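This report concerns the pairing of charged side chains. Please consult the sequence and the structure shown here before reading on.

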Amino acid sequence: MRCLKLGSAFMLAGVFCSPAWAQLEEIVVTGSRISGDEYSRIPAIVLQQRADFLVQRIRMTNDTRAEDARTKELHQTIRDMVSDAVKRPGIALSYGDEFLIPITPSAYEVPLVAGGKRADTSSTSIYVKMALGQKDNVAEAVATLRGFIKKARVSGRTELEPEGDVGLSLVSPEKYRYAIIAKITEDAKKLHTAVGTQCKIRLSGLSNRVLWERSDMSELTLYIPYQVELTECQ
């Protein structure tokens, strides 16, 4: 774990630790865009960041009678999708809940769940991802993502069904920590200039983890839940 102690003229002091594993996280955001009263809990200073991937969650089910056959057909479908993704620049597969785990040609046997709407059924959910560059056309990227899923090769009695709208994912959100802190401290300097020497300014909460909300079709709002306090005002 790497730690850094910071201090400033604005009484900012703290120890910020960046665990090595945080650099490998890929978070997924599948909810709707932030709106209305939700803005009230987000601090004034944030960082807008385009997502690294567009992601579509898909549900895979299979009702072949024999469990071994169901497992084989589901995993073969995933294996074929991975094989096809390797040939399509920008396409990749993952699984997981809030944090995504890559699916690769050598690691495609994702966990399956027994049971479902029908007897003798096994299922799982995975994410199909489309890399998103800063200048990429979002509508075209969505079309490519959906086209890949539509043409997926399925094995046996496997069925695929998209779940929800296209979401977003971001790799290692903690790597944006100091860009956010830089914006916060710059704003504190402007605030100090505005109030002059009448008050002291104290920042707290900067040791919190980076949080995120979806703000657009392709963008996330990244922030640290910090607080600004004016003290000793004349």
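There are 10 salt bridges in this predicted model, a salt bridge being a side-chain nitrogen of Lys or Arg within 4 Å of a carboxyl oxygen of Asp or Glu. The model is predicted, so local features need pLDDT of at least 70 and side-chain atom pairs count only at pLDDT 80 or more, while totals for chains, interfaces and linings use all residues. Residues are numbered from 1 along each chain as its sequence is written, and side-chain values use heavy atoms, with hydrogens and water left out.

| Salt bridge | Closest N and O atoms |
|---|---|
| K129 and E26 | 2.9 Å |
| D84 and R153 | 3.0 Å |
| E174 and R209 | 2.6 Å |

Strands (E, at least two residues) and helices (H or I, at least four) are DSSP runs, numbered from the N terminus. K129 is buried at 5% relative accessibility, and E26 is buried at 7%; buried means under 20% relative accessible area, exposed over 50%, and partly exposed in between (1.4 Å probe, protein chains only).

E174 occupies the loop between β10 and α3 (177-195), and R209 the loop between β11 (200-204) and β12 (211-214). E174 is buried at 11%, whereas R209 is partly exposed at 36%. Salt bridges with shared partners join E25, E174, R177 and R209 into one network.
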